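Hi everyone, thanks for coming along this morning. Let me put the sequence and the structure up, and then I'll walk you through the parts I'd like you to look at.

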Amino acid sequence: LLVGGAGRVPRDNKRPTQRRASEAGIRGHYSASATPASQTDRKTEAMTSAYGGTPGTGTQGLDDIECLPLLAALSTGRKVEVAAITPSEWPEMMALMNEIIEEGLAWPFNVRYETLDAYRGYFLSHAAFVVRALEPGTDTDGKTSKKGDVIGCFYVKPNFPGRCAHVCNGGVITKK
């Protein structure tokens with residue numbers, strides 16, 4: 001997963017002063033004495049998205065995809081399907097996302113999602129999919145999952161609204 005930067009950093013690696021920001025054509029107020037949020041003790045809120053955090057269903061644009069569900073086989077030969085996420089799967093996928101957040105290795109978030117609506121505002125804002133087992137089998141953690149179990153999920157959405165909307169961004173989570 002690639003995460004974009006938060007703006008321009010001057011060559012001297014100092015935050016721009018109000019004058020320098022203005023000269024660079026950057027809107028807003030920057031202070032040379034500002035402390036980055038990562039260096040404060042205050043608890044930050046769960047990340048939503050550049051799309052306002054309105055809870056979605058993960059179905060935006062899916063009517064245009066004719067190949068769903070997509071049948072496939074894993075490298076082990078186990079049969080799976082890639083399909084649209086369903087409302088009954090949202091809580092399980094939120095729990096999986098929270099595991100990843102708590103682990104702290106793969107996503108930039110530092111606060112878990114406490115509500116389903118908060119999770120939906122990020123992960124389900126556009127198109128979201130699951131990978132479901134079509135037969136029982138052994139997962140990568142050595143545990144067995146049964147037919148119909150979700151073994152992973154992912155979303156696809158525009159990288160950012162506006163001029164970057166034609167650039168795709170995706171996030172993938174697999175069960176351990």
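Helices (H or I, at least four residues) and strands (E, at least two) are DSSP runs, numbered from the N terminus. And this is a predicted model, where local features need pLDDT of at least 70, side-chain atom pairs count only at pLDDT 80 or more, and totals for chains, interfaces and linings use all residues. Residues are numbered from 1 along each chain as its sequence is written, and side-chain values use heavy atoms, with hydrogens and water left out.

Let's start with helix α2. This helix has 14 residues and reaches 20 Å from first C-alpha to last, close to the 20 Å expected at 1.5 Å a residue; the expected span is 1.5 Å times one less than the number of residues. Just after α2, G104 takes a positive phi of about 75°.

Which residues of α2 are buried? They are W90, M93, M94, L96, M97, N98, I100 and I101, where buried means under 20% relative accessible area, exposed over 50%, and partly exposed in between, with a 1.4 Å probe and protein chains only. The cover over those buried residues includes α3, β3, β6 and β7.

With a relative accessible area of 2%, N98 is buried. A polar atom of its side chain lies 2.7 Å from the backbone nitrogen of Y113. Leaving out residues up to four places away in sequence, N98 touches R112 and Y113.

Now to the core. By a nonpolar core I mean a set of buried Ala, Val, Leu, Ile, Met, Phe, Trp, Tyr and Cys residues joined through side-chain atoms within 4.5 Å. The largest one here has 21 residues, and M97, W107 and F123 have the most contacts inside it. Two or more residues come from each of α2 (90-103), α3 (116-123), β3 (127-133) and β6 (150-158). Which element gives the most to this core? That is α2, with seven residues. Another core lies apart from it, of seven residues, including L62, V82, V131 and I151.

At 1% relative accessibility, F123 counts as buried. Not counting residues up to four places away in sequence, F123 touches M97, W107, A128, C153, F154, Y155, G171 and I173.

On to the aromatics. Rings of Phe, Tyr and Trp (its six-membered ring) pair if their centres lie within 6.5 Å; planes under 30 degrees apart count as stacked, over 60 as edge-to-face and the rest as tilted. A search of the whole structure finds ten such pairs. In one of them, Y113 and Y119 have ring centres 6.1 Å apart and planes at 75°, so that pair is edge-to-face. Both Y113 and Y119 are buried. F123 and Y155 are also edge-to-face, at 5.0 Å centre to centre and 90° between the planes. F123 sits in helix α3 and Y155 in strand β6, so this pair ties together parts that are 32 residues apart in sequence. Y155 is buried too, with a relative accessible area of 2%. Ring pairs link W107, F109, Y113, Y119, Y122, F123 and Y155 into a cluster.

Next, the strands, which count as paired if DSSP finds at least two bridges between them. β3 and β6 run antiparallel and are joined by six bridges, with V130 partnering C153 in β6. Seven bridges join β6 to β7 (residues 168-174), again antiparallel, and there C153 stands opposite I173.

β1 and β2 are antiparallel as well, with four bridges. They form a hairpin with five residues between them, and G77 in the turn has a positive phi of about 95°.

Last stop: R78, in the loop between β1 (70-73) and β2 (79-84). Is R78 buried or exposed? At 6% relative accessibility, R78 counts as buried. Its side chain makes a polar contact with the side chain of S145 at 2.5 Å and reaches the backbone oxygen of E135 at 3.2 Å. A polar contact here is a pair of N or O atoms within 3.5 Å; within protein, one must be able to donate a hydrogen and the other to accept it, and residues adjacent in sequence count only if both atoms are side-chain atoms. R78 and P136 are 58 residues apart in sequence and 8.2 Å apart in space, C-alpha to C-alpha.

Definitions and conventions. Contact = heavy atoms within 4.5 Å.
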